[in-house]
Amino acid sequence: MIQSETLELLEWYRLCEHLATFAATKLGATAARHLKIPDSQSQSEQLLEQTKEVYQLETRLTTGLSFEGIQDIGDSLERAERSGVLAGEELLAIATTLAGARNLRRVIDNQEDLPILTDLVADLRTYPELEQEIHRCIDERAQVTDRASQKLGEIRTDLRRLRSQITQKLQNILQAKSGAVQEQLITQRSDRFVIPVKAPQKDAIPGIVHDTSTSGATLYVEPNSVVPLGNQLRQIIRREQAEEEAVRRILTEQIAAVKPDLERLLAIATTLDLATARSRYSYWLGANPPRFIQREDREIITLRNLRHPLLVWQEQHEQGQPVVPVDLLISPQIRVVTITGPNTGGKTVTLKTLGLAALMAKVGLFVPAREPVEIPWFDQVLADIGDEQSLQQSLSTFSGHIRRISRILEALGSGGDEGDEGDEGDEGDCNAPYLGNSWRRYANAQYKCPMPNSLVLLDEVGAGTDPVEGSALAIALLQYLASHSQLTIATTHFGELKALKYEDDRFENASVEFDESTLSPTYRLLWGIPGRSNALTIALRLGLKPEVVQQAKTQVGEATDEVNQVIAGLEAQRRRQETKAAEAQSLLQQAERLYKEVSAKAASLEERESSLRASQEVAVQQAIAQAKSEIAQVIRRLQQGTPTAQEAQQATNALNQIGQQYQPATPAKPKLGFMPKVGDRLRVPKLGQTADVITAPDEDGELSVRFGLMKMTVKLEDVESLDGQKAEPIIKPKAAPAAVAPPPQNVPEIRTSQNTIDLRGKRVADAEYILDKAISEATSPVWIIHGYGTGKLRQGVHAFLQQHPRVKNYEPAEQADGGTGVTVAHIK
């Protein structure tokens, strides 16, 4: 049962416990703890679609999907089928479950674009008439109501009348024999009405003693006068109990008649709750939906910033250390990856993280990695992790590893079909949670999976025995697995395994990084570089005597030391490249931010200019209207009677005043005499920026300026000195008769996220469609990231650019922008 062992080694059941905390019902929590791993890719894709649709649905709902009222009624349904009589609490649970399922279906039916969930609840029957009948017969205290049957109503009427008679008689006795009673109280003992009588005066109230107080001072007596009424009351109570049972039996028979539909309802509600738990757990992890890839189609396994889900839980809930993510980018031809490096460096955690990611994708969970998440569908995940040493079984470390590896090879050879044992034969759906007989009757399909497509995880392969023989065994085992499994990840300290990459292109090396300055691992995974065990360095850090470590170094030999120096050089070179890439990315982000700031300021200035222009036009129109009104008044005064010369002069003076009042003032001529020189600092009013002059004005009145990281060519009339002086215009010599077009303005070419296209991982046909759309919309050069790889994507891109009518020319990008892995296309 190697697959069960693998789940234990990967701590899969801990993850299931975490998932169960996000379930809303007891059924959902049980299903999460016994999560069944699907046997086919189609089932996994169905589960992922369920998770995606619930994730989408919960983003639309303000309070999320509610499972209120849904309870575990499986045992009640079984008892109803066996002709048992359900209690009031069980009947109420069935009624609330029907109402809760109906509410779930209503919420899903009211939403659009949820085909999987809509199809899931399409045949859901909630029997509202049965729910109403239960509520009619059973009250909120789970007691049968008077209205449940006419006979029961009559019986309870008789009960109330008889109790009233008994109470009245006892009240009369209490008043008549007040001196003999301990207190004025009517109570019950063994369903008989009694009164507390003082022990010395028991003869004062003859009757049957049903109980005595602890001290013996009080006797609880049923007077002889009420004994016949008490007997009659008990008979009526038995009739009431029989009628209540008859009512509950009728309801139970109605439930038994629709048991298959109620079991289906229960299974669908549990499936929805489990999908909701997967969605909420994925959201909490910050995970993304995976896409199953076919490595035969040359697709790359892509898991960037992959985090171990159990470590994330430990960090959030148990104050653990911050989780260091790993990047797994595995080419399609790679079948075996050997991870080397020091102990405690994170090799085993990497194995477990990948194993859990594969299992999470199979059961419909999102994977805690950055988009895109692309991983094959593995039909088996098989692992040999840890030490299986056992004193009871006389197993050494090496023997334990070999036995487990033997079981792995047997599982690969048999196709992983170990049989599905159960008390109901082979019934069961890989998609179904564990719900006992109720679910298995509902989910009755049997699924089979093709082989081989396995993921094998080996920790310290070949360890625990003679290094020479262990290394030879490890090499033979990995070469076998390269041909019999989809992907194998193995950790090792054997140097011979690092050389397999250079002998077989199906092998790849990776290592965990070690910081020699702090003498501690960084837990980062480095690809393409074999690691060093750093055992001597770690031993020195852990307190081993320096002279012992130095003696060990002399025993290692010069060849090993030279190899370690080469590896150290490769690691240092990789760190330098990563630093430069980070600096380039920072500069690119800074340029993009500055570009956005300049664009925003330019847009703000244009908006302000438009607003001022509009307000000035309004003011001018108002002034014209006011002037016309005043002129009309002067004209009307002249038209009244015969105007004299004095009145005409007054009218002329009034018109002159109106003209002086509303005519715009002549703007002051700007100061001239400023001529910018190289190194001067000036202002560019249109951009609202100050800049440094880097080239003097040419004969066309254009000069180059720089502000921040940007260079720009501006016209002389668009700049001014810091004290507001305008530049002197350049007097151009008379042009020759033949007109010569001015040179185009030098617009800086800046790479931004808007003009950059990432085609890595795309097929050539898909890349051509994306390129055509981007080029048709572009007005400036386009940066195209195609990577190195096999070169087929780059050749396809170049062939497409060469025949595109809008492409002027193309060239490799600058080394800082990606070199030959990026092509710059210039637009006509």
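1. I begin with Arg-407, which is partly exposed at a relative accessible area of 24%, where buried means under 20% relative accessible area, exposed over 50% and partly exposed in between, with a 1.4 Å probe and protein chains only. Its side chain and that of Glu-5 meet in a salt bridge at 2.8 Å, N to O, the term standing for a side-chain nitrogen of Lys or Arg within 4 Å of a carboxyl oxygen of Asp or Glu. Because Arg-407 lies in helix H14 (residues 397-414) and Glu-5 in helix H1 (residues 2-9), the pair ties together parts that are 402 residues apart in sequence. Glu-5 is likewise partly exposed, with a relative accessible area of 21%.

2. On the basis of these values, the model is a predicted one, in which local features need pLDDT of at least 70 and side-chain atom pairs count only at pLDDT 80 or more, while totals for chains, interfaces and linings use all residues. Residues are numbered from 1 along each chain as its sequence is written, and side-chain values use heavy atoms, with hydrogens and water left out. Helices (H or I, at least four residues) and strands (E, at least two) are DSSP runs numbered from the N terminus.

3. How many salt bridges does the rule give? The count comes to 36. Asp-139 and Arg-141 form one of them, their closest N and O atoms being 3.3 Å apart; Asp-139 is buried, with a relative accessible area of 14%, whereas Arg-141 is exposed, with 61%.

4. The side chains of Arg-160 and Asp-146 also meet in a salt bridge, at 3.4 Å from N to O. This pair links distant parts of the chain, since Arg-160 is in helix H9 (residues 150-176) and Asp-146 is in the loop between helix H8 (128-137) and H9, 14 residues apart. Arg-160 counts as partly exposed at 47% relative accessibility, and Asp-146 is partly exposed with a relative accessible area of 33%. Both belong to a network of salt bridges that links Asp-146, Arg-156, Arg-160, Glu-240 and Glu-244.

5. Turning to the sheets, an open sheet of four strands has the order S5-S9-S6-S7 with mixed pairing, two strands being taken to pair if DSSP finds at least two bridges between them. Its edge strands are S5 and strand S7 (326-330), each of which pairs on one side only. Neighbouring strands of this sheet are turned against each other by 30 degrees on average, direction ignored, with axes being lines fitted to C-alpha atoms, for helices over the stretch in contact, and angles running from 0 to 180 degrees between N-to-C directions. Helix H13 (residues 347-362) packs on the sheet and touches S5, S6, S7 and S9, its direction making about 115 degrees with that of S6; contact here means heavy atoms within 4.5 Å.

6. Within that sheet, strand S5 (residues 290-293) and strand S9 (residues 370-376) run parallel and are joined by four bridges. The bridge partner of Phe-292 in S9 is Ile-375, and that of Arg-291 is Glu-374. Strand S6 (residues 301-306) runs antiparallel to S9, with two bridges between them, and Thr-302 stands opposite Glu-374 in S9.

7. Four bridges join S8 to strand S12 (residues 487-491), the two running parallel, and Val-336 has Thr-488 as its bridge partner in S12.

8. A further open sheet is made of four strands in the order S19-S20-S22-S21, again with mixed pairing. Strand S19 (756-758) and strand S21 (807-812) are the edge strands, each pairing on one side only, and the twist averages 20 degrees from one strand to the next. Strand S20 (residues 782-785) and strand S22 (residues 822-827) pair in the antiparallel sense over four bridges.
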